[in-house]
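Subject: Structure handover

Hello,

Please find the structure below, followed by notes on what was found in it.

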Amino acid sequence: MKNQFKINIGTVVLILTIASDYLTMWQVVDYKLIYALLFLAVIIFLVNFWFEKREVKSFLMLLCLLLLGAWTVIFFSTQDYILPIMIAISYSFTDYNVKKIIRDFTTTSIIFFVMTIALHYLGVIKGNEILREVDSIIVYRDSLGFDHVNSVFRHLIPIVTGIFYLTSTRRMLIIYTAIELPIIFVLYLKTDSRTGFLLSALFLVLSIFMKEISASVLRKLLYLIPIGAIALTLFLSYKFGLGGNFIDTSLSHRPMFWLKYLTEYKPTILGNISPLNMPLDNVYLNLVYWRGLLISLLTVVFYIRLVPSISKDWKLSVVAQFLFIYGIFEFVFFFSNNFLVVVMIYLFVRKKTQGDLRWKK
């Protein structure tokens, strides 16, 4: 009975956390109370870890991770660090492997994604509709119950990438791709979210052939693609950010806003630069300006140290590369938008507390 309880700790924390994110979006609950209770629960698990194993070094490392996450909540008013830290620590008490974590994440995401759209059409949840003028024609964009039209595809990411990761054969992957493509096309027609649709469709098609790429090449891409994404961000900003051109218009004026940040604001150590009415749909600039240079540097070091672990699993490598490319156009590293951050922190925690993780399929 005791072992069974341990096995379910990570799953319970994950489900409750994703549920809290959706319930907050539905304006049903106040996330602060639920997250505070989850934080307290993880502290209790840590104390249990201390009494069972008496590993001072591991205990202090996990505690420092939690405190770092708590600090980002206080300073940045964001849960995007504390939530994956709590989930990763919870799973580290179990015998779960990466595949099981992604299975839990994907299943829970599918349930709440479908529920959001269903409740929206039943009139229970209000959407956040937007009107867009395209060639003198007004296009109605339906958020389908999500807090923004672009959030539909952002919340679809863990489903698309999760199903890809969990498929065991190419035949099954082709079948799932054939099913998913029409679904994401219908979502595109409703939301008019071009970036999300095009990148998701491209991922589904290309993922079928990614297994042919060697592990050594995938590892190199894990280093090169983030660098290339940053370079492309800067190129688009300085080349097309002045506006009045096809590229800037097609990208919903993202380059224009990126250029404003790059030319009008200086990054700070602790960040927190977020001017009103100035969206920053870019992971790399968002990290520097909103999270600050300190967090940015720690994130880079953390990622570089984990590349060898990530590259051992070709599917996880493909997911990471997709998210780095998607991150040029959207801030896709919210907790609920993907499982990569949770898995990365989990790999780090497992290695520090129990040694290298054996990759199970």
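The protein chain has 14 helices and two strands; helices are DSSP runs of H or I with at least four residues, strands are runs of E with at least two, and both are numbered from the N terminus. The model is predicted, so local features need pLDDT of at least 70 and side-chain atom pairs count only at pLDDT 80 or more, while totals for chains, interfaces and linings use all residues. Residues are numbered from 1 along each chain as its sequence is written, and side-chain values use heavy atoms, with hydrogens and water left out.

Overall dimensions

The C-alpha trace of the protein chain spans about 65 × 45 × 45 Å along its principal axes. A compact globule of 361 residues would have a radius of gyration near 21 Å, and the 20 Å of the protein chain agrees with that. The radius is taken over C-alpha atoms, and the globule rule is 2.2 Å times the number of residues to the power 0.38.

Of the 361 residues, 50% count as buried. Buried means under 20% relative accessible area, exposed means over 50%, and partly exposed is in between, with a 1.4 Å probe and protein chains only. Among contacts in the protein chain with a separation of 6 or more, 67% are accounted for by residues 24 or more positions apart; contact means heavy atoms within 4.5 Å.

Two packed helices are described by the angle between their axes and the distance between the axes. Here the axes are lines fitted to C-alpha atoms, for helices over the stretch in contact, and angles run from 0 to 180 degrees between N-to-C directions.

Helix H6 (residues 151–166) packs on H13 at an angle of about 160 degrees, with the axes 9 Å apart. H6 is therefore roughly antiparallel to H13; angles over 145 degrees count as roughly antiparallel, under 35 as roughly parallel, 65 to 115 as roughly perpendicular and the rest as oblique. The crossing of H6 and H13 is right-handed, that is, the near helix is turned clockwise from the far one by less than a right angle, and left-handed if anticlockwise. On the H6 side, the contact is made by Phe153, Arg154, Ile157, Thr161, Phe164, Tyr165 and Leu166. The H13 side contributes Trp314, Lys315, Leu316, Val318, Val319, Phe322, Leu323 and Tyr326. By class, the contact of H6 with H13 has twelve nonpolar, one polar and two charged residues. Ala, Val, Leu, Ile, Met, Phe, Trp, Tyr, Cys and Pro count as nonpolar, Asp, Glu, Lys and Arg as charged, and the others, Gly among them, as polar.

Helix H8 (residues 194–207) also packs with H13 (residues 314–326) at an angle of about 160 degrees, with the axes 11 Å apart. That makes H8 roughly antiparallel to H13. The H8 and H13 crossing is right-handed. Gly196, Leu199, Ser200 and Phe203 of H8 meet Val318, Phe322, Ile325 and Tyr326 of H13. This contact has six nonpolar, two polar and no charged residues.

Individual residues

Thr161 is in helix H6 and counts as buried at 1% relative accessibility. Not counting residues up to four places away in sequence, Thr161 touches Phe203, Val319, Phe322 and Phe339.

Phe329 sits in the loop between H13 and helix H14 (340–354). Phe329 counts as buried, at 13% relative accessibility. Beyond its neighbours within four places in sequence, Phe329 is in contact with Thr195, Leu199, Leu236, Leu251, Arg254, Trp258 and Asp281.

Pro226 lies in helix H9 (residues 215–240) and is buried, with a relative accessible area of 12%. Leaving out residues up to four places away in sequence, Pro226 touches Leu221, Tyr284, Tyr303 and Phe324.

Backbone angles

Most residues other than glycine have a negative phi, and most peptide bonds are trans. Asp192 has a positive phi, near 55 degrees, and is not a glycine. Asp192 is in the loop between helix H7 (170–191) and H8, and at 11% relative accessibility Asp192 counts as buried. Ser252, also not a glycine, has a positive phi of about 55 degrees. Ser252 lies in the loop between helix H10 (246–250) and helix H11 (254–264) and counts as partly exposed, at 30% relative accessibility.

Regards
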